[in-house]
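Work through the exercises below with the sequence and the 3D structure in view. Try each task before reading its solution.

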Amino acid sequence: MLQVRGDPPHDAGVYVIVRDEPEKVVFVGTTSDLRQRASIWVYNFKQASANPEFKLPVKGMNSFPLDGWSFLAWTKVDEGPVREVLVSNGYRILNKQTRHRGTITYKGKAQTFAEHARDAGVSYEKAYARWRRGKTLEEVFQA
């Protein structure tokens with residue numbers, strides 16, 4: 001079963017699901033709520049334990065026994081360096097890349113593209129289409 005180390009906060013951060021034996025493997029991810037993500041993973045492991053047909057949501061994770069996994073979490077760190085440290089310590093990363101929503105600074109606020117669009121009252125799809133056509137950020141987020 002998955003063991004959650006510590007008490008993850010309701011903060012954004014990087015988490016890993018790690019197994020040391022028989023092979024050092026790890027899944028690395030980011031989330032806006034570490035405690036919620038931990039509970040989701042605990043739920044997934046319980047479902048897999050109760051139902052052999054249940055597939056964990058990471059390719060390759062089902063080839064390992066369900067015991068021996070740990071959930072670790074950190075706030076205020078970047079995913080890239082965490083991955084580098086794990087690889088340098090001999091871990092095989094099950095997910096080569098996770099989706100990263102970068103931030104852009106517009107009108108003095110650093111937010112994701114979707115957050116800027118929402119604040120401006122423009123649909124994400126419309127703003128994205130404008131951006132793809134090469135419009136300026138002022139034109140992209142114009143209501």
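**Exercise 1.** Is Lys59 buried or exposed?

Solution. Begin with the cut-offs: buried means under 20% relative accessible area, exposed over 50%, and partly exposed in between (1.4 Å probe, protein chains only). Lys59 has a relative accessibility of 79%, so Lys59 counts as exposed. Helices (H or I, at least four residues) and strands (E, at least two) are DSSP runs, numbered from the N terminus.

Two notes apply throughout. The model is predicted: local features need pLDDT of at least 70, side-chain atom pairs count only at pLDDT 80 or more, and totals for chains, interfaces and linings use all residues. Residues are numbered from 1 along each chain as its sequence is written, and side-chain values use heavy atoms, with hydrogens and water left out.

**Exercise 2.** Which residues lie on each side of strand 2, and are they buried or exposed?

Solution. Strand 2 spans residues 13-19. In a regular strand, side chains alternate between the two faces of the sheet. One side of strand 2 carries Gly13, Tyr15, Ile17 and Arg19, the other Val14, Val16 and Val18, and all are buried. The count for the strand is thus 7 of 7 residues buried.

**Exercise 3.** Which strands pair with strand 2, and in what sense?

Solution. Two strands pair if DSSP finds at least two bridges between them. Strand 3 (residues 25-31) pairs with strand 2 in the antiparallel sense over 7 bridges, and Gly13 stands opposite Thr31 there. The two are joined by a hairpin through 5 residues. Strand 4 (residues 69-74) also runs antiparallel to strand 2, with 6 bridges; here Val14 faces Trp74.

**Exercise 4.** Which residues have the most contacts inside the largest nonpolar core?

Solution. A nonpolar core is a set of buried Ala, Val, Leu, Ile, Met, Phe, Trp, Tyr and Cys residues joined through side-chain atoms within 4.5 Å. The largest one has 17 residues, and those with the most contacts inside it are Ile17, Trp41, Phe45, Met61 and Trp69. Strand 2, strand 3, helix 1 (34-50) and strand 4 each supply at least two residues of this core. Helix 1 gives the largest share, 5 residues. Apart from this core lies another, of 9 residues, among them Val14, Val82, Leu86 and Tyr91.
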